[in-house]
Amino acid sequence: MIKSLRGMNDILSEDYERFTYFINTATDVAQKYGFHFIETPLLEETALFKRSVGESSDIVGKEMYQFIDKGENDVCLRPEGTAGVVRAFIQKKLDKAGGTHRYFYHGSMFRYERPQKGRLRQFHQFGVESFGVDSVYEDANMIMMVADILSRCGIGYRLQLNSLGDNNCMPTYRDNLVKFVTECKDDVCEDCIRRLDTNPIRVLDCKNDKCQSLYANAPKLINNLCDSCEDDFSKLKKILNDNDISYEIDTNLVRGLDYYSKTAFEFVSDDIGSQSAIAGGGRYDRLVEFLDGRPTPAVGFAMGIERLMELIKMPEASQEGYYIGAMDEEAVDLVVKLSHKKRKTDKVTIDYKAKNFKNHIKAADKVNAKYFCIIGSNEIESSTITVKDLENKTETTISLEEF
């Protein structure tokens with residue numbers, strides 16, 4: 001028997017209902033915020049992610065599904081969504097058009113890592129990207145959108161917040177951090193030593209407990225912000241306070257690449273174990289320029305859907321649609337004809353096999369139908385059909401022509 005590849009799961013039945021409920025809910029919220037859908041390819045040039053995600057990152061170094069295609073192109077399955085959206089933004093010359101451009105997307109991402117609960121090799125993200133707005137209000141807008149999506153899905157969360165500064169304050173802080181880590185070099189892990197040369201700020205994100213205990217005493221970026229970044233961060237906190245969005249300051253919350261700046265945020269859950277991050281984002285004002293576009297302020301976020309699945313509280317299922325059944329074989333063709341007509345306006349479930357009344361009722365209950373109709377010789381002879389409302393326990397007899 002051929003089985004699915006490790007870390008690539010099927011989405012069926014109840015999981016599918018949760019999955020589509022989340023997508024529909026998140027889409028509705030994003031559209032209410034004035035964002036528009038964008039679809040980018042699953043397959044992109046590898047260079048796009050090497051430049052945007054960073055060659056020193058674990059994603060590029062260890063986790064990408066990368067290969068040479070039949071045209072000798074170096075390509076890979078997308079490991080995240082932002083880079084493809086930025087590439088499309090530049091390719092369509094929207095960076096030169098000016099104005100504000102707001103997009104949301106959802107789809108599969110691929111990373112070759114050890115599969116575990118909430119983390120698969122093929123996984124799904126819902127993401128949002130905004131271009132052209134150089135304002136902390138847009139950062140707050142993103143955070144409030146995530147909060148609205150999670151609240152609509154009944155998911156509890158804690159919001160963690162930090163500021164990464166900008167080109168005025170980050171370089172000095174980076175030097176101070178490198179000096180601090182270098183002084184305790186013998187006590188930190190090999191990954192942190194490697195990051196000192198490639199991506200020093202990422203040491204703060206190290207998952208090694210010994211390293212984390214050391215970094216509790218490391219310089220804090222939030223204490224080294226320039227006046228402009230300090231003002232923006234204070235304004236962001238005020239906006240969140242004014243809109244009743246609770247948050248915690250996490251001074252070790254970082255994004256390790258140079259084009260990230262100022263706001264960084266994560267939503268975490270205490271209900272899913274060690275993989276607690278359920279959404280994350282921040283400002284990346286230099287990424288468009290980094291990928292050869294015109295300098296454009298930008299901010300966005302992404303949510304891993306698999307991590308949310310068990311947290312989503314589904315609304316109580318309501319009865320909907322029609323169930324139409326045949327009492328005998330000669331009625332089956334008429335059932336098919338009536339259902340085809342009715343599906344222009346309503347959901348209809350039918351059964352191609354003739355059954356007795358009791359078995360049809362069981363089938364209607366199983367699909368949670370609101371209306372129940374059966375057709376037999378009597379209905380064919382009288383050219384009428386009785387429609388039972390299973391929710392309100394009423395019934396109406398109408399002509400087959402009117403049905």
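Lys 355 is partly exposed, at 26% relative accessibility (buried means under 20% relative accessible area, exposed over 50%, and partly exposed in between, with a 1.4 Å probe and protein chains only). Its side chain meets that of Asp 351 in a salt bridge, 2.6 Å from N to O; a salt bridge is a side-chain nitrogen of Lys or Arg within 4 Å of a carboxyl oxygen of Asp or Glu. Asp 351 counts as buried, at 17% relative accessibility. The model is a predicted one, in which local features need pLDDT of at least 70 and side-chain atom pairs count only at pLDDT 80 or more, while totals for chains, interfaces and linings use all residues. Residues are numbered from 1 along each chain as its sequence is written, and side-chain values use heavy atoms, with hydrogens and water left out.

Side chains of opposite charge can pair when their charged atoms come close. The count of salt bridges comes to 18. One of them joins Arg 158 to Glu 248, with the closest N and O atoms 2.9 Å apart. This pair links distant parts of the chain, since Arg 158 lies in strand E7 (residues 158–163) and Glu 248 in strand E8 (residues 248–249), 90 residues apart. Helices (H or I, at least four residues) and strands (E, at least two) are DSSP runs, numbered from the N terminus. Both partners are partly exposed, Arg 158 with a relative accessible area of 28% and Glu 248 with 31%. A salt bridge is also formed by Lys 262 and Asp 232, whose closest N and O atoms are 2.8 Å apart. Here too distant parts of the chain are linked: Lys 262 belongs to strand E9 (residues 261–268) and Asp 232 to helix H10 (residues 227–242), 30 residues apart. Lys 262 is buried, with a relative accessible area of 15%, whereas Asp 232 is partly exposed at 23%. A network of salt bridges links Asp 28, Lys 32 and Arg 152.

Asp 351 is also among the residues touched by Tyr 323, which lies in strand E12 (residues 322–326). Tyr 323 is buried, with a relative accessible area of 2%. Not counting residues up to four places away in sequence, Tyr 323 is in contact (heavy atoms within 4.5 Å) with residues including Thr 349, His 360, Ala 363, Val 367, Tyr 371 and Phe 372. The C-alpha atoms of Tyr 323 and Met 309 are separated by 30 Å, although the two residues are 14 apart along the chain.

Strand E11 (residues 298–304) is mostly covered, with 6 of its 7 residues buried. Strand E11 pairs in the antiparallel sense with strand E6 (residues 122–131) over 7 bridges and with strand E10 (residues 277–283) over 5 bridges; two strands pair if DSSP finds at least two bridges between them. Within these pairings, Ala 298 of E11 stands opposite Phe 131, and Phe 301 of E11 stands opposite Gly 281.

His 124 is found in strand E6 and counts as buried, at 12% relative accessibility. Its side chain and that of Glu 306 are joined by a polar contact of 2.6 Å. A polar contact is a pair of N or O atoms within 3.5 Å; within protein, one must be able to donate a hydrogen and the other to accept it, and residues adjacent in sequence count only if both atoms are side-chain atoms. Leaving aside neighbours within four places in sequence, His 124 is in contact with residues including Ile 11, Phe 19, Met 303 and Gly 304.

The count of aromatic pairs comes to 15. Rings of Phe, Tyr and Trp (its six-membered ring) pair if their centres lie within 6.5 Å; planes under 30 degrees apart count as stacked, over 60 as edge-to-face and the rest as tilted. Phe 89 and Phe 131 are stacked, with ring centres 4.2 Å apart and planes at 10°. Phe 89 lies in helix H4 (residues 82–91) and Phe 131 in strand E6, 42 residues apart. Phe 89 is buried with a relative accessible area of 3%, and Phe 131 with 0%. Ring pairs link Phe 89 and Phe 131 into a cluster with Tyr 103, Tyr 260 and Tyr 284.
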